[in-house]
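Hello,

Here is the structure you asked to look at. My notes on what was found follow below it.

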There are 2 protein chains.
Amino acid sequence: MRFDHAGIATDDATTLATLYTDLFGASLVHEEEFDGMRVVFLDLGNGYFELLEPLEDGTIARYVDDHGSGIHHLAVETDDIAGALERARELGLELIDEAPRRGAWGHDVAFLHPKSTGGVLVEFVEH
Amino acid sequence: MRFDHAGIATDDATTLATLYTDLFGASLVHEEEFDGMRVVFLDLGNGYFELLEPLEDGTIARYVDDHGSGIHHLAVETDDIAGALERARELGLELIDEAPRRGAWGHDVAFLHPKSTGGVLVEFVEH
């Protein structure tokens, strides 16, 4: 597996994308509306920052309301997301997604509950 | 610049390192006591997870007390940390470190205040 992205919840993805592009020399490589959010991927060459701006009520809207903007999750890329989930299950971890589902950018994703993973919301992603 | 690491505050770096090694196939590549913390770097091939376990009172101890374990910061690697800080200053961002300082693993580091960077505690690191 390898690092894929850090998911960042924000109330203004446009402004943050401009700042990160300028500050980090990152490239905006993908942008879409997905699941009630504006989702922007910034490429750092060896991984992405995924900006998540809520457009309607949902998990990210509630996160921003409760915590303000900030780092929301870490995503690890795998070539075998079903196997990764099975391994997590064997380790006794609590899964948010029992099976992979379609995520942003057309990728297959599955999340693990942070209480099983050191307080970190972990996403497996298979491109 | 490129992604360097996600810093994760934890009350038990040993247990979390074992879990992440198993779950992600990450390799433990560096471990030290630094600035009142046990610091463990796990290599994902294209970036690191840095586990930070407080051994005495300090920023990370207070973070864990207040928020519990979880994602603490995101670090971006640069070949010119002085230039990166200068660019941040030009952009009007609030700096935590006005000049680079010695961080874990002997790297030069400098942090930007999260209120300037979308709620994300950003670290510049030069190896």
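A:Ala104 sits in the loop that runs between strand 6 (101-102) and strand 7 (108-112) of chain A. The model is a predicted one, so please read everything here as computed from that prediction.

Is A:Ala104 buried or exposed? Its relative accessibility is 10%, and because buried means under 20%, A:Ala104 counts as buried. Leaving out residues up to four places away in sequence, A:Ala104 touches A:Glu32, A:Phe34, A:Val39, A:Phe41 and A:Glu50. A:Asp43 is 61 residues from A:Ala104 along the chain, and the C-alpha atoms of the two are separated by 15 Å.

A:His107 is also placed in the loop between strand 6 and strand 7 of chain A. With 10% relative accessibility, A:His107 counts as buried. Which residues does A:His107 touch, not counting those up to four places away in sequence? They are A:Arg101, A:Arg102, A:Val125, A:Glu126 and A:His127.

Both of these residues fall within a stretch that has a record. An unreviewed UniProt entry places the feature "domain: VOC" at residues 2-127 of chain A. That span is 25% helix and 40% strand, and its end C-alpha atoms lie 12 Å apart.

Next, the interface of the two chains. In general, the size of an interface is often given as the accessible area lost when the parts come together. Chain B and chain A bury about 2,900 Å² between them, with 71% of that on carbon and sulfur atoms. Of the area that chain B buries against chain A, 21% is supplied by B:Leu23, B:Asn46 and B:Ile71, more than by any other three residues. In terms of contacts, 34 residues of chain B meet 34 residues of chain A.

How many salt bridges does the rule find across the interface of chain B and chain A? There are 2. One salt bridge joins the side chains of B:Asp22 and A:Arg87, at 2.9 Å from N to O. Between chain B and chain A, 7 residue pairs are in polar contact, counting pairs with both residues at pLDDT 80 or more.

On the side of chain B that touches chain A, the elements giving two or more residues are strand 1 (2-9), helix 1 (13-24), strand 5 (70-77), helix 3 (81-90) and strand 8 (122-126) of chain B. By class, that side of chain B has 22 nonpolar, 9 polar and 3 charged residues.

Regards

Terms used: Residues numbered from 1 in each chain as written. Chains lettered and ligands numbered in written order. Predicted model: local features only at pLDDT ≥ 70, side-chain atom pairs only at ≥ 80, totals over all residues. Heavy atoms only, no water. Contact = heavy atoms within 4.5 Å. Buried area = accessible area lost by both parts, 1.4 Å probe. Salt bridge = Lys/Arg side-chain N within 4 Å of Asp/Glu carboxyl O. Polar contact = N/O pair within 3.5 Å; in protein donor to acceptor, adjacent residues only side chain to side chain. Helix = DSSP H or I, 4+ residues; strand = E, 2+ residues; numbered from the N terminus. Nonpolar A, V, L, I, M, F, W, Y, C, P; charged D, E, K, R; others polar. UniProt positions renumbered as here; feature names shortened; annotations may be inferred. Buried < 20%, exposed > 50% of the residue type's maximum accessible area, 1.4 Å probe, protein only.
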